[in-house]
Amino acid sequence: MKRHLMGVVAAGLTVALGVSGCGKGSSSGGDSDGKTIKFVAAIYDDNTKPYWDALIKDFEAKNSGYKVNLEMVDWTQMDAKVKTYVQTKQVPDVLNYNAFSDFARDGLIYKADEVLSPGTLGDFTPTFVQQAQYNGAQYGLPFISSARLLFYNKALFKKAGISDPPATWDEVRADAEKIKKAGATGYGLPLGPEESQAEFYSWAMNNGGGWVDASGKWAINQKANVDTLAFLKDLNKSGLTQPNPETTDRKTVFNQFAQGKIGMAIGGPFTKAGFIDPVNKDLDFGVAPLPSKGGTEHNTLGVMDVLAAFKKDGGKNKEAVKKFLDFFYQKENTSKFLKTEGFLPVTKSAGDALSADPYMKQFVDALPTSKFAPTSNPAWSAVAGAVKQDLGTAAANEDPKKVLDKIQETAEKAG
């Protein structure tokens with residue numbers, strides 16, 4: 001994916017796990033001596049597995065007797081995989097995911113200070129520590145972060161007679177119509193099951209909407225959200241998006257964007273290296289704040305993916321898990337992953353160099369004031385899963401209000 005972080009932002013972002021008080025997972029991919037652990041890592045792009053293969057080889061060489069069994073899972077399959085791990089009590093020792101609070105609620109994972117050294121813990125940026133807490137304690141281990149901005153094709157804009165990126169929703173629509181007349185798709189709308197919650201929230205937060213109200217109660221079917229979804233549906237029905245947004249993921253959108261077939265789409269810092277460059281390294285594109293309905297305030301979506309360390313074999317895996325995690329969080333190892341994948345840092349030590357890159361600086365600057373999904377609420381997993389499954393149908397033929405009512409019901413039941 002750059003799947004989300006995704007969603008990250010992301011991130012954060014996850015699925016219905018259907019967990020209720022599951023017991024400790026049995027050993028899966030580990031062994032009885034406590035020195036072999038299983039690590040399930042998400043596939044962000046073609047560079048992900050080579051990175052982990054090299055890091056694990058280095059870890060094992062420097063930690064005699066310890067072994068890490070790696071399983072790579074695509075983000076489109078991750079939700080179902082995680083659900084199966086939990087239900088069958090075959091959880092890995094370490095999981096790369098975009099949710100943790102339901103695991104914490106059910107007593108499945110270690111607190112952060114149980115599996116990280118004080119030096120590693122103290123290196124996390126406070127913004128992400130806050131996002132990684134459940135009931136006042138840190139359980140999630142911040143992994144990577146992302147922010148979302150509007151990408152636009154400068155050549156298509158010039159061809160369509162557009163001088164500046166849109167600041168308002170009316171301008172988005174007007175520009176999309178001009179781009180359509182110029183022979184391309186105006187806006188790339190990925191509302192498929194990969195990360196539709198991030199796409200929708202990027203628009204809703206810029207219309208005064210969101211997942212919860214000021215008191216923290218679920219407000220998914222509030223008027224601002226209904227209006228947002230109706231706007232996106234209208235873009236589709238007016239022929240200003242690609243066909244079938246309800247089944248489209250971001251990789252497809254940006255593949256077409258890189259080919260000059262789409263004029264605008266929302267992306268993250270990973271979009272250039274992960275989606276655009278493999279198709280067209282010479283693409284002339286710009287990055288701008290997310291458009292808002294009125295054009296006065298421009299909010300940015302923040303996404304954080306996490307690592308979660310599961311309790312297994314009565315805690316026998318704790319030492320091996322801690323060794324592996326502290327090894328990964330060394331500055332040179334985390335920095336290499338960020339540069340390889342095009343993500344933003346969650347640690348202070350890995351953060352400084354990225355701001356020197358003008359492209360990355362736009363996202364780094366946006367991150368401190370970003371809005372995040374309520375990932376510390378254990379019901380978020382069920383909500384995100386329902387969004388991924390159902391939200392896109394409203395851009396096709398379903399009624400936006402009815403779709404959001406259904407997701408609201410899921411949230412209230414899960415809560």
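Let's start with a pocket. The lining of the second largest pocket has five nonpolar, five polar and two charged residues. Here Ala, Val, Leu, Ile, Met, Phe, Trp, Tyr, Cys and Pro count as nonpolar, Asp, Glu, Lys and Arg as charged, and the others, Gly among them, as polar.

A word on the model. It is predicted, so local features need pLDDT of at least 70 and side-chain atom pairs count only at pLDDT 80 or more, while totals for chains, interfaces and linings use all residues. Residues are numbered from 1 along each chain as its sequence is written, and side-chain values use heavy atoms, with hydrogens and water left out.

Back to that pocket. Its volume is about 230 Å³. Twelve residues line it, and Thr-125, Phe-128, Pro-345, Val-364 and Leu-367 lie nearest its centre. A pocket is an open set of points on a 1 Å grid over the protein atoms alone, with protein on both sides within 12 Å along at least five of seven lines; a cavity is a set where a 1.4 Å probe fits but cannot get out; lining residues have an atom within 4 Å of a point. Points are joined across faces, edges and corners, and volume is the space filled by probe spheres set on them.

Next, the largest cavity. Its volume is about 50 Å³. Which helix gives the largest share of its lining? Helix α9 does, with three residues. Helices (H or I, at least four residues) and strands (E, at least two) are DSSP runs, numbered from the N terminus. Both α9 and β9 (262–267) supply at least two lining residues each. The lining includes Arg-148, Glu-195, Glu-199 and Arg-250. By class, it has three nonpolar, two polar and four charged residues.

Stay with α9, residues 196–204. It packs against α10, residues 223–237, at about 110°, with the axes 9 Å apart. That makes α9 roughly perpendicular to α10. Axes are lines fitted to C-alpha atoms, for helices over the stretch in contact, and angles run from 0 to 180 degrees between N-to-C directions. Under 35 degrees is roughly parallel, over 145 roughly antiparallel, 65 to 115 roughly perpendicular, and the rest oblique. Phe-200, Trp-203 and Ala-204 of α9 make the contact (heavy atoms within 4.5 Å) with α10 residues including Phe-231 and Leu-232.

Last, α1 (residues 48–62) and α13 (residues 318–328). Their axes come within 11 Å and cross at roughly 120°. That makes α1 oblique to α13. The contact residues include Trp-52 and Phe-59 of α1, and Phe-324 and Phe-328 of α13. By class, they divide into eight nonpolar, no polar and three charged.
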